Amino acid sequence: MEQVQRESIPKQMQERIAAFENEFALQSLTHDGTSGADVWVAALENSEGKAMIITCTVKKNGGGVLRIQF
């Protein structure tokens, strides 16, 4: 997995992260596209040390998006 910038992730994933940013801060954002699907993983943490992981998988079929799954 490689570290990525927020601007390079799917809009739906950006919106999902933004929904939690009033309580959690984004700590890392990674991407892996080696398994036939693109997978993004966001790690968030709040001031109390509680962690949250958000994942997004985009499966492609012949150049078109087949399914987005959280």
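1. The backbone nitrogen of Lys 50 lies 2.9 Å from a polar atom of the side chain of Asn 46, and the backbone nitrogen of Glu 48 lies 3.0 Å from a polar atom of that side chain. A polar contact here is a pair of N or O atoms within 3.5 Å, where, within protein, one must be able to donate a hydrogen and the other to accept it, and residues adjacent in sequence count only if both atoms are side-chain atoms.

2. This is a predicted model, in which local features need pLDDT of at least 70 and side-chain atom pairs count only at pLDDT 80 or more, while totals for chains, interfaces and linings use all residues. Residues are numbered from 1 along each chain as its sequence is written, and side-chain values use heavy atoms, with hydrogens and water left out.

3. Asn 46 sits in the loop between β3 and β4 (51-61), strands being DSSP runs of E with at least two residues, numbered from the N terminus. Asn 46 counts as buried because its relative accessibility is 9%, the cut-off being under 20% relative accessible area with a 1.4 Å probe and protein chains only. Leaving aside residues up to four places away in sequence, Asn 46 touches Glu 23 and Phe 24, where contact means heavy atoms within 4.5 Å.

4. Strand β3 (residues 37-45) runs antiparallel to β2, and 7 bridges join them; two strands pair if DSSP finds at least two bridges between them. The two form a hairpin with 4 residues between them, and Gly 36 in the turn has a positive phi of about 85°.

5. Strand β2 (residues 25-32) also pairs with β1 (residues 2-3), in the antiparallel sense over 2 bridges. His 31 of β2 stands opposite Glu 2, and His 31 also stands opposite Trp 40 in β3.

Definitions and conventions. Buried means under 20% relative accessible area, exposed over 50%, partly exposed in between (1.4 Å probe, protein chains only).
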